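Dear colleague,

I am handing over the structure below, with notes on what was found in it. Please read them with the coordinates open.

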Amino acid sequence: METQKATCNRCFRHAVQFLTKIRPQNTDRLSKKHRHYTTSAQFSDKNNVDDDEITKLSKSASDWWDVFGEFHALHSMNKIRVPYIKSVVLQQLKSNSISQVLPLKHVNILDIGCGGGILSEALARLGANVTGIDASAKNIHVAMRHLSLDPVLSRRLSYKCITAQELAEDGHLFDCVVSSEVIEHITEKDSFVEAISSLLKPGGSVVMTTIGQTTKSYLAAIVAAEYLTRMVSPGTHDWNKFINSDDLKELLSEYNLETVDIQGLCFNPFMSDWSLIDDTSVNYAIHAVKSINEQEDKE
């Protein structure tokens, strides 16, 4: 009991010290030059994820399909993000799907940062043709191994160890690009979003879920989730890489992606359940659509 109390006290002291240090930055909007990334790591033209992030997100690869393990919140999130993705995609495609079992049949979806395939498999089970990509070979191995358990699903789901920028160079185009709980691990957010836009067909949808850069998100996503409850490993997130919904909306617009919907997301750790809310200060989902005529927009 004393050990737990001491740990809690250390966490709260850490939080107070951090919040005191960043409060001036939090009250003023970041300059345009630094709004989308606040670290100085260098990346190649083909890679917008730093090696430390890849290593960090590969450590728990064996736990991806343990619904009670470190990724249980992502498994639970499927209950809300999968219906959300299905809804906005069908609405954008103006499709009244006849199939109740496979409503996303013939829809081509790219899942960027697919990890072990938790979201990719769920979308493929709705009939979508899904390509899951991840910069971690270890994660892709886990995803492919789990997919091998379902030969039928493997007909419409494939995985590649590749970055979004590398895939964009191959000229692939998708009806929808999904990036769930990924951009908060990206340093060069501009090049990442540019790659997403390049991978979308005109009129295609991009759906992201991520975390806002607020005092509240630091307390919830880092202090509480990483240090108090140990829902995820300490050090999983870097608050400096979080991005607020208004800033992400502006960034998307710079690459011909018009935001049409933003929804706050709330996780109840006691019920292990997610719900849609108005508050976007911590977790949120954003849906944007690529301009049909990019040339006119540029002019």
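Contact, as used in these notes, means heavy atoms within 4.5 Å. Please keep in mind throughout that this is a predicted model.

Annotated positions

By that rule, and leaving aside neighbours within four places in sequence, serine 180 is in contact with Met77, Arg81, Ile112, Leu119 and Thr209. Serine 180 is found in strand E4 and counts as buried, at 9% relative accessibility. UniProt, in an unreviewed entry, places the feature "binding site" at Arg81, Gly113, Asp134 and Ser180. That annotation may be inferred rather than shown by experiment.

Arginine 81, another position in that record, sits in helix H3. Its relative accessible area is 7%, so arginine 81 is buried, since buried means under 20%. Apart from neighbours within four places in sequence, arginine 81 is in contact with Leu74, Ile118, Leu119 and Ser180. A polar atom of the arginine 81 side chain lies 3.3 Å from the backbone oxygen of leucine 74.

Glutamate 181

Glutamate 181 is placed in the loop between E4 and helix H7 (189-199). Which side chain of opposite charge is nearest to glutamate 181, and how far away is it? The nearest is arginine 81, 6.0 Å away. A salt bridge needs a side-chain nitrogen of Lys or Arg within 4 Å of a carboxyl oxygen of Asp or Glu, and glutamate 181, although buried, has no salt bridge. What the side chain of glutamate 181 does make is a polar contact with the side chain of threonine 209, at 2.6 Å. Outside the four neighbouring places in sequence on either side, the contacts of glutamate 181 are Leu74, Met77, Thr209, Thr210, Ile211 and Asn283.

Salt bridges

Side chains of opposite charge can pair when their charged atoms come close. The count comes to four salt bridges, and the following are among them.

- Glutamate 121 forms a salt bridge with arginine 125, with the closest N and O atoms 3.2 Å apart. Glutamate 121 is buried, at a relative accessible area of 3%, whereas arginine 125 is partly exposed, at 41%.
- Aspartate 150 also forms a salt bridge with arginine 125, the closest N and O atoms being 3.0 Å apart. This pair links distant parts of the chain, 25 residues apart: aspartate 150 is in the loop between H5 and E3, and arginine 125 in the loop between H4 and strand E2 (129-134).
- Lysine 201 forms a salt bridge with aspartate 175, and the closest N and O atoms are 3.2 Å apart. This pair too links distant parts of the chain, with lysine 201 in strand E5 (residues 200-211) and aspartate 175 in strand E4, 26 residues apart. Lysine 201 is partly exposed at 29% relative accessibility, while aspartate 175 is buried at 14%.

Glu121, Arg125 and Asp150 are linked in a network of salt bridges.

Nonpolar cores

The largest nonpolar core has 33 residues, of which Leu104, Ile109 and Leu123 touch the most other members. At least two residues of this core come from each of helix H3 (72-92), helix H4 (118-124), helix H5 (137-147), strand E3 (157-161), strand E4 (174-180) and strand E6 (257-268). H3 supplies the largest share, nine residues. Leucine 123, with neighbours within four places in sequence left aside, is in contact with Val82, Ile85, Leu104, Ile109, Ala128, Val130 and Val178. Another core, of 29 residues, lies apart from the largest one and includes Leu110, Met208, Ile286 and Ala288.

Leucine 167

Leucine 167 lies in helix H6 (residues 164-169). Is leucine 167 buried or exposed? Leucine 167 is buried, because its relative accessible area is 1%. Not counting residues up to four places away in sequence, leucine 167 touches Leu110, Ile133, Lys160, Ile162, His172, Phe174 and Leu199. Of these, leucine 199 is 32 residues away from leucine 167 in sequence, with the C-alpha atoms 7.9 Å apart in space.

Regards

Technical notes
Residues numbered from 1 in each chain as written. Predicted model: local features only at pLDDT ≥ 70, side-chain atom pairs only at ≥ 80, totals over all residues. Heavy atoms only, no water. Helix = DSSP H or I, 4+ residues; strand = E, 2+ residues; numbered from the N terminus. Buried < 20%, exposed > 50% of the residue type's maximum accessible area, 1.4 Å probe, protein only. Core = buried A, V, L, I, M, F, W, Y, C linked by side-chain atoms within 4.5 Å. Lys, Arg positive; Asp, Glu negative; His and termini not counted. Polar contact = N/O pair within 3.5 Å; in protein donor to acceptor, adjacent residues only side chain to side chain.
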